[in-house]
Amino acid sequence: MEFIYGLLTAVVFFIALLSFYFIGYKQGNKQTSKPPDLEEVRKAKEMRKGFMNMMNYDVDKALQRKKVQ
């Protein structure tokens with residue numbers, strides 16, 4: 001009889017443990033999405049444009065001599 005009590009206690013313990021784990025997982029996995037700020041979008045677009053201009057390196061243009069007047 002003690003074996004059945006111990007087995008039932010272990011089963012209830014693990015069921016409770018798993019249920020608390022899944023409840024916590026669902027609570028921690030919530031994602032709140034806010035609409036993007038227009039100013040942040042504009043700044044990000046401007047930064048990407050500046051980065052692409054900086055990384056678009058033309059070797060031929062860089063090696064040309066500048067004319068001095």
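1. Let's start with a pair of side chains: R42 and E46 sit four residues apart in helix 2, which is about one turn of the helix. Helices here are DSSP runs of H or I with at least four residues, strands are runs of E with at least two, and both are numbered from the N terminus. The side chains of R42 and E46 meet in a salt bridge, with N and O 3.0 Å apart. (A salt bridge is a side-chain nitrogen of Lys or Arg within 4 Å of a carboxyl oxygen of Asp or Glu.)

2. Before going on, keep in mind that this is a predicted model: local features need pLDDT of at least 70, side-chain atom pairs count only at pLDDT 80 or more, and totals for chains, interfaces and linings use all residues. Residues are numbered from 1 along each chain as its sequence is written, and side-chain values use heavy atoms, with hydrogens and water left out.

3. How many salt bridges does the structure hold? There are two. In the other pair, R42 bridges to E39, and the closest N and O atoms are 2.5 Å apart. R42 and E39 lie three residues apart in helix 2 (residues 38-55). Put together, E39, R42 and E46 are linked in a network of salt bridges.

4. Are these residues buried or exposed? Buried means under 20% relative accessible area, exposed over 50%, and partly exposed in between (1.4 Å probe, protein chains only). R42 is partly exposed at 41%, and so is E39 at 37%, while E46 counts as exposed at 52%.

5. Have a look at the nonpolar surface patch too: M1, F3, I4, Y5, L7, L8, V11 and I15 have about 900 Å² of accessible area together. Patch residues have over 30% relative accessible area and no salt bridge; like charges are joined within 9 Å, and nonpolar side chains (Val, Leu, Ile, Met, Phe, Trp, Tyr) within 5 Å. Accessible areas come from the Shrake-Rupley method with a 1.4 Å probe, and for residues only the protein chains shown count as cover.
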